[in-house]
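Hi,

Here is the structure I promised to pass on. Have a look at it first, and my notes follow below.

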Amino acid sequence: MRRIYLDHNATTPLLPEAFEAMAGVLKDRFGNPSSSHSPGREARALVDRARREVAGLIGARPSTIVFTSGGTEADHLALGGVLKEGDHVVTSSIEHHAVLDELRELERSGTIELTEVPVGSDGVVDPGAMLGALRDDTALVSLMFANNETGVVQPIDAVGAGCRSRGIPFHSDAVQAVGKLPIDVGSLPVDLLSLSAHKFGGPKGVGGLYLRRGFRLRPLRHGGEQERRLRPGTENVSGIVGMGVAARVVGEELETEAGRIRKLRDTFETELAGRLPDAHVNGAGADRVPNTTSVTIYGVDAEALLLLLDMEGIAVSAGSACTTGAAAPSHVLTAMGLDSRQAADTLRIAWGRVNDANDPPVLLRTLMSAVQSLGREQ
Ligand SMILES: Cc1ncc(COP(=O)(O)O)c(C=O)c1O
């Protein structure tokens, strides 16, 4: 059975180039980058090169990248490194749990005051509403670049510019945008930006935080001097090398791959609309990353659909992979006005590098027969 992987927002397959580079490191380059001898210096050079490659993908200077254990830790470092007791924070109601739950916990414990700004039915936050929520004691604004469930791109420029004019630090979780959209932090009004390697062909368990030059951040942990003391602990050298290689490869091919993937996605959506006119693509009217389809097929449980597709070798997700197994409906979809039934009837199809033009018709055919066999609940 030919397998079709359509869950690239949950994770991506490791790029062969990244695998090769990582295998070489794991086999032969065991040095600790903090050691002064040759094996140590070789490992340091590998980390430095990866830093240049990751920085290159987002138009940053290498010295502004802090390697972390992934997107979640990058988010936490950005939030925790800025916030102190009594601060006010503004965020959107559709952030990833890594941001939203962390901020809600800080609010619950009485550390901060939090304003969550809603989104419209298109999944976009209104920049005016976000900036309208700013107060004199607002210490941080956090708005994701692109949503993991719908792919909807947020007004980073407008919100960032408003924050900058008021001198308020601005963080963006760009985990779902990096490698899918061209990003140039040199022309973006962001102070902090989170990345995760496994979302763009790198390994799991490694990520990074971009930190605008001169921006002062407090470390969350104390220990060694790695990562400018902002993230102590011996570096995950092979992971960092894999992230660097992935960043270089996706950066080189970003434009062509984004166009190719967008075409697959749009072909599928157009064909689906012809076959199932009442299927609703969430965020269709908004600017989206090129790879994501979030579709509500009324009366058809997405979890059941997912299992039927899986039996046919097709991997998709119901809502966000991060919330799979949780009973609560997706906070992103309900924030866009879907009720819990509609949220449960929503499938996420996330295209990527491993897909080709054979996949949209196979998905469509398999999906239609799965919908037919499940029938519609009234
Ligand atoms: C928008 C967003 N932020 C953060 C994360 C967490 O990243 P990681 O899995 O590297 O911790 C994810 C992962 O799904 C994500 O989609």
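**The α2 and α7 contact**

From α2, the residues A43, L46, V47, A50, E53, V54 and L57 meet α7, where their partners are V237, I240, V241, M243, G244, V245, A247, R248, V250, G251 and L254. Sorted by class, the residues of this contact come out as 14 nonpolar, 2 polar and 2 charged. Keep in mind that this is a predicted model.

As for how the two helices sit, a packed pair gets described by the angle between the axes and the distance between them. Here α2 covers residues 38-57 and α7 covers residues 237-275, and their axes come within 8 Å, crossing at roughly 35°. The crossing of α2 past α7 is left-handed.

**Around the ligand**

Now for the ligand, which has 14 residues around it, the closest being G71, T72, D173, S196 and K199. Which helix gives the most to the shell? That would be α3 (residues 71-82), with 3 residues.

- K199: a polar side-chain atom lies 2.6 Å from an oxygen atom of the ligand.
- Q176: here too a polar side-chain atom is involved, 2.8 Å from a ligand oxygen.
- G71: in this case a polar backbone atom is 2.8 Å from an oxygen of the ligand.

And how much of the ligand does the protein bury? Taken alone, the ligand exposes 390 Å², and 89% of that is buried by the protein.

That's what I have for now.

Cheers

Notes:
Residues are numbered from 1 along each chain as its sequence is written. This is a predicted model: local features need pLDDT of at least 70, side-chain atom pairs count only at pLDDT 80 or more; totals for chains, interfaces and linings use all residues. Side-chain values use heavy atoms; hydrogens and water are left out. A residue is near a molecule or strand if one of its heavy atoms lies within 4 Å of it. A polar contact is a pair of N or O atoms within 3.5 Å; within protein, one must be able to donate a hydrogen and the other to accept it, and residues adjacent in sequence count only if both atoms are side-chain atoms. Accessible areas come from the Shrake-Rupley method with a 1.4 Å probe; for residues, only the protein chains shown count as cover. Helices (H or I, at least four residues) and strands (E, at least two) are DSSP runs, numbered from the N terminus. Axes are lines fitted to C-alpha atoms, for helices over the stretch in contact, and angles run from 0 to 180 degrees between N-to-C directions. A crossing is left-handed if the near helix is turned anticlockwise from the far one by less than a right angle, and right-handed if clockwise. Contact means heavy atoms within 4.5 Å. Ala, Val, Leu, Ile, Met, Phe, Trp, Tyr, Cys and Pro count as nonpolar, Asp, Glu, Lys and Arg as charged, and the others, Gly among them, as polar.
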